[in-house]
Amino acid sequence: MSQSFDVVVVGAGTAGAYAAYNLAKRGFKVALMDSKSGDKVGVKTCGDALGKHHVDRMSRFLTPNPRILVNEIKGVELYSPDLRTKYVIAGEGYMLDRFNWGKWLVREAVDAGAAFFEGHTATAPILENGHVVGVKATDNRQGTYREFRAKVVVDASGSVGVVRTKLPDTWPISERLHPEDVSHAYREVFYIDGAVENPNYIKIYLDQTISPGGYWWDFPYSSNFVNVGLGIWGVLKINPNANYKKYLEPRYRIREKVHMGGGFIPTRRPLKSLVGNGIVAAGDAAAAVNPLHGGGIGQALLTGELAAKAIEKAFAQGRYDAQTLWSYNLDYMQEWGHRQAQLDVIRLMLQTLDNDDLNFGLSRKLLTEEDVLDISSRGVTLSVVDKMRIALQFAARPGLLMKLYNAMQYAKKIGDMYLDYPKNPEGLDRWHEKVMETYGEYRRKIGLGPMPA
């Protein structure tokens, strides 16, 4: 059985549902499918925190449901491994009722006109004459095979990228994730006896014993309802559930568990390209995640918005190839991709440090709270690089500071390369080759091996 639409969106998470909403609202005939049944949409292993600036931006297109914004966040408390140093970093945001957030977005998409196909698993793209013209899917409830045909497919299927990764290797959008590109996470949501301290601040703990290559978190929905989890660098092949049970669960007097789950998160630079002939990627399927802290809800909203914008332009021109959809790449790199690349450079440096390095660097304020806020909001600037250069002259631990200086220097350099992303597909390969060469230089300077194949 085959059905035809203007756009097929695979995955009804934040990115997919929001893209479907924006497209349906513009009058396009949209199919939104998800392998989960409707009552399970929105269930995902996630920290469930979202910056206020993302909510404000979404409000230009869709009025947020205030009942889903369950706790106003004033900032982040960042702790050193020995817990002797605490950074308090300002930043407004919310904790989300994540289970109802996803359902709400899907309802908004359906109310705007999208057709929702729950319990449908996309199995492969349909390729004709070098273009994606739809997806093959299985109706899990009936065990039947279906084809959904469209001018453009949006792969918003999550970290696995079930559509884009089944395209030929010659398609830049098909880029696979290496274990070095991901973090493995596990979290539990539960009520506690007693109350958490400072429930309007989310808490991040750096500790290479508990969460090597990542961090562990304590995000409060209220004074006695929390989201606790950890992420571990995928290349280390350590089970995050085991570390959670060993190190984190004993810290809490748990009264009632609400949800438990794990998964993997892309924590890396942007994909080589987010578009191909007849296809775009969004959300985790586009690796559009903050490489430092793994947050992806805001980027899912951003890609859902920008993808819909590019698709609308493609329909206006009556062409659906990579060239016509290329504006999505350009918008993404300007809005977020260049900072994503910068943060990826910093991530790689942090993953070479041990707890002693982290304790020293945080206690000596090699980067201040203001520096961290500035980098997270505006990116790495020349002023930060210059500050590291000057500090080298007075370093008590020059090797550590040199790593930090190299990270800031190359973050600025590589971020600028992404700001100079090629204006068309013809320039992509040469640009990407230069980016990989620069990454290789940086990795050698901080003691990592060559770029993984």
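Biologist: How many helices and strands in the protein?
Modeller: This is a predicted model. The protein has 12 helices and 18 strands.

Biologist: What radius of gyration does the protein have, against what a compact globule would have?
Modeller: A compact globule of 453 residues would come out near 22 Å, and the protein has 22 Å, so the two agree.

Biologist: And what does the C-alpha trace span along its principal axes?
Modeller: About 65 × 55 × 40 Å.

Biologist: What share of the residues is buried?
Modeller: Buried residues are 57% of the 453, with buried meaning under 20% relative accessible area.

Biologist: What about contacts between residues 24 or more positions apart?
Modeller: Counting contacts with a separation of 6 or more, 72% of them join residues 24 or more positions apart.

Biologist: Surface next. How much of the accessible surface belongs to carbon and sulfur atoms?
Modeller: 52%, out of a total of about 18300 Å².

Biologist: Now the second largest pocket. What volume does it have?
Modeller: About 330 Å³.

Biologist: Which residues lie nearest its centre?
Modeller: V196, E197, Y205, D218 and Y252, from a lining of 16 residues.

Biologist: Which elements give two or more residues to that lining?
Modeller: Three strands do: β5 (69-79), β13 (201-205) and β14 (215-220).

Biologist: How does the lining of that pocket divide into nonpolar, polar and charged?
Modeller: Eight residues of the lining are nonpolar, seven are charged and one is polar.

Notes. Residues are numbered from 1 along each chain as its sequence is written. This is a predicted model: local features need pLDDT of at least 70, side-chain atom pairs count only at pLDDT 80 or more; totals for chains, interfaces and linings use all residues. Side-chain values use heavy atoms; hydrogens and water are left out. On a 1 Å grid over the protein atoms alone, a cavity is a set of points where a 1.4 Å probe fits but cannot get out, and a pocket is an open set with protein on both sides within 12 Å along at least five of seven lines; lining residues have an atom within 4 Å of a point. Grid points are joined across faces, edges and corners, and a volume is the space filled by probe spheres set on the points. Helices (H or I, at least four residues) and strands (E, at least two) are DSSP runs, numbered from the N terminus. Ala, Val, Leu, Ile, Met, Phe, Trp, Tyr, Cys and Pro count as nonpolar, Asp, Glu, Lys and Arg as charged, and the others, Gly among them, as polar. The radius of gyration is taken over C-alpha atoms; the globule rule is 2.2 Å times the number of residues to the power 0.38. Buried means under 20% relative accessible area, exposed over 50%, partly exposed in between (1.4 Å probe, protein chains only). Contact means heavy atoms within 4.5 Å. Accessible areas come from the Shrake-Rupley method with a 1.4 Å probe; for residues, only the protein chains shown count as cover.
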